[in-house]
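These are my notebook entries on a structure that I had not examined before. I set down what I looked up, entry by entry.

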Amino acid sequence: MRSEEIVAMVKGPSVLDVGCAGHIVRPDRPDWLHGRLRERFEVTGIDISESNVAQLRALGYANIHVASAESFDLGRQFDTVVAGEVIEHLCNPGQFLTCARRHLLPDGRLVLSTPYGFSLMYAAYAAYHYPRTC
């Protein structure tokens with residue numbers, strides 16, 4: 001499972017989860033990355049979707065902020081910055097990497113994942129949802 005592989009690469013105790021809400025808030029799912037991270041680490045989350053952040057806060061999730069992955073500034077550093085399937089949505093990934101570096105402790109790590117764009121599953125998804133695909 002993708003979330004298990006990502007969690008295995010994370011060094012704690014402090015973690016920043018970029019894009020923490022995902023496309024749809026699904027805290028009931030065992031593969032929801034933010035939930036898996038919270039099981040083991042002290043996690044701060046950011047997401048660009050105001051409505052998804054509000055939904056998470058209403059469900060009792062604390063330490064979640066509305067922020068862009070390309071321009072966030074939380075004024076602190078973390079052991080790990082996680083960006084699970086976020087970078088492919090950004091207009092300027094370089095700005096994200098600059099922000100991520102600024103938020104990492106000197107021996108911190110950045111854990112990224114991105115979907116394989118040429119997989120059969122994603123091609124079928126794009127064809128099925130055309131023209132509303134991202």
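**Entry 1: the lining of the largest pocket.** I asked which element gives the largest share of the lining of the largest pocket. I found that α5 does, with four residues. The model is a predicted one, and I read every value below as computed from it. I then listed the elements that supply at least two residues each: β1 (14–18), α2 (33–40), β2 (42–47) and α5 (120–129). For the volume of this pocket I noted about 1,400 Å³. Its lining has 40 residues, and the closest to the centre are Gly-22, His-23, Glu-85, Glu-88 and His-89. By residue type, I recorded 20 nonpolar, eleven polar and nine charged residues in the lining.

**Entry 2: Glu-85.** I returned to Glu-85, which is among the residues closest to the pocket centre. I located Glu-85 in the loop between β4 and α4. Its phi is positive, about 55°, although the residue is not a glycine. Most residues other than glycine have a negative phi. Is Glu-85 buried, partly exposed or exposed? Its relative accessibility is 25%; buried would require a value under 20% and exposed one over 50%, so Glu-85 counts as partly exposed.

**Entry 3: the sheet.** I traced an open sheet of five strands, with the order β3-β2-β1-β4-β5 and parallel pairing. Neighbouring strands are turned by 20° against each other on average, direction ignored.

**Entry 4: β4 and its partners.** I counted six bridges between β4 (residues 78–84) and β5, which run parallel. Phe-78 has Leu-104 of β5 as its bridge partner, and Gly-84 has Ser-113 of β5. Towards β1, I found four bridges to β4, again with the two strands parallel. There, Asp-17 stands opposite Val-82 of β4. I also checked burial: seven of the seven residues of β4 are buried, and the strand is mostly covered.

**Entry 5: helices against the sheet.** Helix α4 (residues 93–102) lies across β1, β4 and β5, and I noted an angle of about 140° to β5. In α2, I found Leu-33, His-34, Gly-35, Arg-36 and Leu-37 buried. The cover over the buried residues of α2 includes α1 (2–9), β1, β2, β3 and β4.

**Entry 6: Arg-102.** I placed Arg-102 in helix α4. Its relative accessible area is 41%, and I recorded Arg-102 as partly exposed. Leaving aside residues up to four places away in sequence, Arg-102 touches Phe-72 and Gln-77. As a distance check, I took Arg-102 and Ser-49: they are 53 residues apart in sequence and 22 Å apart in space, C-alpha to C-alpha.

**Entry 7: backbone exceptions.** Most peptide bonds are trans. I found that the bond from Gly-12 to Pro-13 is cis, with omega near 15°. Pro-13 lies in the loop between α1 and β1. I also looked up Asn-63, in the loop between α3 (50–58) and β3. Asn-63 has a positive phi of about 60° although it is not a glycine. With a relative accessible area of 36%, Asn-63 is partly exposed.

Methods:
Residues are numbered from 1 along each chain as its sequence is written. This is a predicted model: local features need pLDDT of at least 70, side-chain atom pairs count only at pLDDT 80 or more; totals for chains, interfaces and linings use all residues. Side-chain values use heavy atoms; hydrogens and water are left out. On a 1 Å grid over the protein atoms alone, a cavity is a set of points where a 1.4 Å probe fits but cannot get out, and a pocket is an open set with protein on both sides within 12 Å along at least five of seven lines; lining residues have an atom within 4 Å of a point. Grid points are joined across faces, edges and corners, and a volume is the space filled by probe spheres set on the points. Ala, Val, Leu, Ile, Met, Phe, Trp, Tyr, Cys and Pro count as nonpolar, Asp, Glu, Lys and Arg as charged, and the others, Gly among them, as polar. Two strands pair if DSSP finds at least two bridges between them. Axes are lines fitted to C-alpha atoms, for helices over the stretch in contact, and angles run from 0 to 180 degrees between N-to-C directions. Contact means heavy atoms within 4.5 Å. Buried means under 20% relative accessible area, exposed over 50%, partly exposed in between (1.4 Å probe, protein chains only).
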